[in-house]
Amino acid sequence: MLSSIENYYERLVMEAIQALLQGTDAGSDAEYLDDLACLALNDLPPRYVRHTVDFASHLSDEAHRAMRQEAADALKQAIETIARRRVARQG
């Protein structure tokens with residue numbers, strides 16, 4: 001039943017992670033990527049959809065850009081949070 005429901009921000013966060021970290025050492029660290037995704041998604045409101053294509057087609061270009069920017073901002077914050085936590089553990 002619920003297998004067709006997803007949070008649209010998950011897709012946007014995963015795309016942002018891939019674009020930012022592709023080809024880097026961090027991009028191959030599954031645990032780091034999972035932590036990034038969780039932290040970023042926790043900073044975003046859920047936006048549940050059944051069909052991403054239908055949802056995306058109903059968004060204006062401006063609304064879609066805004067959601068992508070929100071995902072990128074949440075990812076940046078997640079990266080900073082993880083870096084801060086690593087420094088605190090070492091210090």
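Q: How many positive and negative side chains does the protein have?
A: In this predicted model, there are 10 positive and 15 negative side chains. The centres of the two sets lie 3 Å apart.

Q: Which residues gather in a patch of positive charge on the surface?
A: Arg84, Arg85, Arg86 and Arg89 do.

Q: And where does Arg84 lie?
A: Arg84 is part of helix H4, which covers residues 61-90.

Q: What does the secondary structure come to?
A: The protein has 4 helices and 2 strands. Read from the N terminus, the order of elements is β-α-α-β-α-α.

Q: Switching to the loop between helix H1 and helix H2: where does Thr24 lie?
A: Thr24 sits in that loop, with H1 at 8-21 on one side and H2 at 30-42 on the other.

Q: Why does Thr24 count as partly exposed?
A: Because its relative accessibility is 34%, and partly exposed covers values between the 20% cut-off for buried and the 50% cut-off for exposed.

Q: What separates the C-alpha atoms of Thr24 and Ala37?
A: A distance of 16 Å, with the two residues 13 apart along the chain.

Q: Now the whole protein. What does the C-alpha trace span?
A: About 50 × 30 × 25 Å along its principal axes.

Q: How much of the protein counts as buried?
A: 27% of the 91 residues. The protein exposes about 6,500 Å², and carbon and sulfur atoms supply 50% of that area.

Q: What about contacts between residues at least 6 apart in sequence?
A: Of those contacts, 79% join residues at least 24 apart.

Notes. Residues are numbered from 1 along each chain as its sequence is written. This is a predicted model: local features need pLDDT of at least 70, side-chain atom pairs count only at pLDDT 80 or more; totals for chains, interfaces and linings use all residues. Side-chain values use heavy atoms; hydrogens and water are left out. Patches are made of residues with over 30% relative accessible area and no salt bridge: like charges are joined within 9 Å, nonpolar side chains (Val, Leu, Ile, Met, Phe, Trp, Tyr) within 5 Å. Accessible areas come from the Shrake-Rupley method with a 1.4 Å probe; for residues, only the protein chains shown count as cover. A salt bridge is a side-chain nitrogen of Lys or Arg within 4 Å of a carboxyl oxygen of Asp or Glu. Lys and Arg count as positive and Asp and Glu as negative; His and the chain ends are not counted. The place of a charge is taken as NZ of Lys, CZ of Arg, CG of Asp or CD of Glu. Buried means under 20% relative accessible area, exposed over 50%, partly exposed in between (1.4 Å probe, protein chains only). Contact means heavy atoms within 4.5 Å.
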